[in-house]
Amino acid sequence: MSHQIALNFEDGVTRFITAHAGETVADAAYRQGINIPLDCRDGACGTCKCLAEAGCYELGEDYIEDALSADEVEQGFVLTCQMRALGDCVVRVPASSQVCRAAQATFQARISAVRQLSDSTIALSIKGESLSQLAFLPGQYVNLGVPGSQQTRAYSFSSLQRDGEVSFLIRNVPGGLMSSFLTGLAKAGDNMTLAGPLGSFYLRDIRRPLLLLAGGTGLAPFTAMLEKIAEQGSEHPLHLIYGVTHDFDLVALDRLEDFARRIPQFSFSTCVANPESQYPHKGYVTQHIQPAHLNQGDVDVYLCGPPPMVEAVSQFIREQGIVPANFYYEKFAASAA
């Protein structure tokens, strides 16, 4: 027996898939070429969380509460990597049809440039004819293969695709597999493989003011977003707060200044957490969020940074008694090897 599942995407597109008896909704979607945002498949990360708006289903038992709380279950939320339909269902997917329309693709490219911007940050650009077919939404990431190994590392695009070329901001992790390659072996012309795009952190239609919060190389998805905004324009104010640990971690300030010239209502500020910093603006990102930035809740917040930063910002906003219209975030942690 099989069931029809209507997938309603946030851009208003609806796609129907058929789920076989005992098949998870995520597996059914992927089998039919629809890429529901998904990372773990084990009910642990919450990336595939959706809202079941109609129909009968089983939630599954192999998920953890951090991924799906009891309150969310009562509201109808499900993890599609665990959900199995018992009848026809309607599921609202918190991503656009563009993100989910195709299976993950693999591309071949070559390094076009690699530069060490600071002790902590590497800029990488890769180019290839196949990349001219690469479509992604600004804010998404890709899995880059580490040359000479079978391993991959996930990095957000820091630019849009232009003439088959894309760029990344990569944290330089001492002893890290990718970092060691980029700082010691990489040269223009070296082959690289990438798979994606992936992720549900991406720029949505701008319907209200935006507050963008970046920690370290979490700046990368925002420079891609700002490229897109510079192209399409925005009638709403946008403010970016970019925080780092040490003075030398501040990079790409020239790009931000260029965006400030090109985007009429865009502004940005920067801060350094190290109390011994010589930088004029010290402290954490939360110390530089002004009431006007939160606009009494009529704001979309985008946040990309390490887990402690994501947690600190979430707590800070709660303490202000404000609920943003939308709060999108991406946690990242550098690989130690």
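Modeller: The sheet to examine is an open one of six strands, in the order β11-β10-β13-β8-β9-β12, and its pairing is antiparallel. This is a predicted model, in which local features need pLDDT of at least 70 and side-chain atom pairs count only at pLDDT 80 or more, while totals for chains, interfaces and linings use all residues. Residues are numbered from 1 along each chain as its sequence is written, and side-chain values use heavy atoms, with hydrogens and water left out. A strand is a DSSP run of E of at least two residues, a helix one of H or I of at least four, both numbered from the N terminus; strands pair if DSSP finds at least two bridges between them.

At the edges of this sheet stand β11 (152–156) and β12 (165–171), each of which pairs on one side only. From one strand to the next, the twist averages 40° (axes are lines fitted to C-alpha atoms, for helices over the stretch in contact; angles run from 0 to 180 degrees between N-to-C directions). Within the sheet, β8 (residues 105–116) and β13 (residues 191–198) are joined in the antiparallel sense over six bridges. Here Thr106 has Ala195 of β13 opposite it.

Strand β3 (residues 49–54) meets β5 in the antiparallel sense over three bridges, and Lys49 has Leu79 of β5 as its bridge partner.

The structure also holds one cavity of 30 Å³ or more. On a 1 Å grid over the protein atoms alone, a cavity is where a 1.4 Å probe fits but cannot get out; a pocket is an open set with protein on both sides within 12 Å along at least five of seven lines; lining residues have an atom within 4 Å of a point. The largest cavity contains about 70 Å³ of space. Its lining consists of Tyr30, Asn35, Ile36, Pro37, Leu38, Val99, Gln140, Pro197, Leu198 and Gly199. Pro197 and Leu198 of this lining fall within the range of β13, residues 191–198.

The second largest pocket has a volume of about 590 Å³. Of its 28 lining residues, Gly215, Gly216, Val244, Thr245 and Pro306 are the closest to its centre. Two or more lining residues come from each of β15 (238–244) and α8 (307–319), and α8 supplies the largest share, four residues.

Finally, helices α5 (residues 220–232) and α6 (residues 253–262) pack at about 25°, their axes 10 Å apart. This angle makes α5 roughly parallel to α6, a label for angles under 35 degrees.

Key. Grid points are joined across faces, edges and corners, and a volume is the space filled by probe spheres set on the points. Angles under 35 degrees count as roughly parallel, over 145 as roughly antiparallel, 65 to 115 as roughly perpendicular and the rest as oblique.
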